[in-house]
Amino acid sequence: MSHGGEAKPMTARRAGALKGSVTVPGDKSISHRALILGLLAVGETHVTGLLEGEDVLRTADAARALGATVDHIGPGEWRVRGMGVGSLLEPKGVLDFGNAGTGSRLMMGVIGGHPIRATFDGDASLRKRPMGRILDPLKKMGVKVLECAEGNRLPLTLQGAPDVIPITYETPVASAQIKSAVLFCGLNAPGETTVIENEWSRDHTEKMLAFFGAEVRSEAYGEHGRKITLVGQPELAPRPIVVPADPSSAAFPIVAALITPGSEIVVRSVMMNPLRIGLITTLLEMGADITELDRRVEGGETVADLRVRYSALKGVNVPAARAPSMIDEYPILAVAASFAAGETRMNGLSELRVKESDRLAAVADGLAANGVEHEIIGDDLVVRGNGKPAQGGGLVATHMDHRIAMGFLVMGLGTDKPVTVDDTAFIATSFPSFVPMMAGLGGEMQ
Ligand code: S3P
């Protein structure tokens with residue numbers, strides 16, 4: 001969503017316990033990949049539970065521009081008729097990814113592996129985000145950057161490689177987006193493409209590629225790392241994809257219930273992939289009353305219904321090695337930490353500076369506006385709660401960032417004074433039903 005219209009501010013206030021049961025929308029990471037895998041397979045891929053957020057819809061548009069037929073059949077239900085690896089068409093216009101880092105970066109890998117030219121653009125937030133991390137390995141694979149805004153930023157034009165060079169690439173930061181771009185580009189390379197990561201990032205791309213019939217090996221590497229090898233030029237066969245509920249979206253009602261006295265809610269069918277649930281681990285360490293009611297496997301991922309009750313939280317130390325498994329959850333963890341007794345130290349947050357906004361700065365400013373004691377020390381964020389509701393009363397600048405908007409609205413459900421965020425428009429990128437869903441649980445946001 002490029003912000004054409006007026007900002008839509010909103011205020012959240014304390015209004016009693018949250019009660020009820022909800023299912024949050026489909027996982028954003030898997031939704032992008034479902035459309036991309038559908039594009040790269042020959043034949044018809046059926047997707048259920050797709051997140052119909054702005055970010056994912058941009059990826060659907062890009063898949064269409066590359067030759068796929070992408071049809072919306074019913075709520076969350078989509079059909080993609082793909083072109084197959086090696087057969088993508090050159091897009092006629094600019095590919096506008098809006099606010100979506102994942103869609104744009106993964107598609108750079110996809111397009112880089114085809115002898116076609118494409119121009120990538122996005123909104124003011126996406127135009128600020130670093131793309132060099134994706135372009136560096138793609139250039140080694142034979143991709144040419146024909147045009148690029150200063151500092152390796154959008155808008156940029158790529159000429160995909162006529163003959164993709166298979167490489168072994170060690171990612172400079174733990175990033176599933178870098179890993180995925182290299183693997184997607186490597187699909188069209190003769191031979192093996194290998195990605196080495198020193199911290200294991202979310203594994204959806206390698207799992208889904210294997211599910212579609214590619215030969216992919218994933219091995220342990222060092223203490224926390226992973227080495228992923230893809231054999232190039234597979235014939236990808238369509239498989240039905242069931243998108244599980246997004247743990248990064250579930251984080252908002254979960255923390256809302258934890259900080260709002262008397263609450264008891266159930267969040268259903270939350271994906272429990274171990275590379276995505278660092279927040280749950282951390283909240284449990286903080287003393288959160290979260291119970292798994294029914295762990296099961298759905299569509300290749302473990303899911304569970306989570307019962308969450310209001311809890312007296314305590315501060316904890318969150319190790320840097322946990323960051324990849326909760327990278328998008330630090331804003332909402334900072335909110336939980338504002339209500340906890342004692343100090344919560346979140347270590348190793350440098351990557352937060354290059355998200356939809358500089359999240360480290362945006363979170364710190366939001367905490368300051370709401371009277372929460374905190375400090376940034378190097379790349380660490382320290383939040384000092386006193387075990388009572390945070391003061392609130394602030395106006396929070398969201399900087400085109402959905403997770404800043406949702407995080408501070410959740411804060412306002414528990415604070416002494418209401419919390420206002422300056423713009424809620426970007427919530428639609430990942431969780432369009434957030435406000436009505438929270439209202440259904442009893443949260444007051446207007
Ligand atoms: C994502 C990877 C993460 C995450 C983003 C989604 C993905 O980004 O923050 O929201 O789907 O691959 P990085 O790769 O930059 O860590």
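The side chain of Ser 269 forms a polar contact with the side chain of Arg 296 at 2.9 Å. A polar contact is a pair of N or O atoms within 3.5 Å; within protein, one must be able to donate a hydrogen and the other to accept it, and residues adjacent in sequence count only if both atoms are side-chain atoms. The model is predicted: local features need pLDDT of at least 70 and side-chain atom pairs count only at pLDDT 80 or more, whereas totals for chains, interfaces and linings use all residues. Residues are numbered from 1 along each chain as its sequence is written, and side-chain values use heavy atoms, with hydrogens and water left out.

**Ser 269**

- Ser 269 belongs to strand β15 (residues 264-271); strands (E, at least two residues) and helices (H or I, at least four) are DSSP runs, numbered from the N terminus.
- With a relative accessible area of 16%, Ser 269 is buried (under 20%, where exposed is over 50% and partly exposed in between; 1.4 Å probe, protein chains only).
- Leaving aside residues up to four places away in sequence, Ser 269 touches Ala 245, Arg 296, Glu 298, Val 303, Ala 304 and Asp 305 (contact means heavy atoms within 4.5 Å).

**Domains**

- The protein is divided into domain 1 (10-26 + 245-445) and domain 2 (28-230), with bounds from an automatic or database domain assignment.
- The C-alpha centres of domain 1 and domain 2 are 28 Å apart.
- Domain 1 contributes 25 residues to the contact, and domain 2 contributes 27 residues.

**Largest pocket**

- The largest pocket has a volume of about 570 Å³ and lies between domain 1 and domain 2, because both give residues to its lining.
- On a 1 Å grid over the protein atoms alone, a pocket is an open set of points with protein on both sides within 12 Å along at least five of seven lines, a cavity is a set where a 1.4 Å probe fits but cannot get out, and lining residues have an atom within 4 Å of a point.
- Of the 35 lining residues of the largest pocket, Ala 174, Ser 175, Ile 327, Glu 351 and Lys 355 lie nearest its centre.
- By class, this lining has nine nonpolar, 11 polar and 15 charged residues.

**Largest cavity**

- The structure holds one cavity of 30 Å³ or more, and the largest cavity has about 60 Å³ of space.
- Helix α8 (247-259) and α9 (278-285) each give two or more residues to the lining of the largest cavity, and α8 gives the most, with four.

Methods: Points joined across faces, edges and corners; volume = space filled by probe spheres on them. Nonpolar A, V, L, I, M, F, W, Y, C, P; charged D, E, K, R; others polar.
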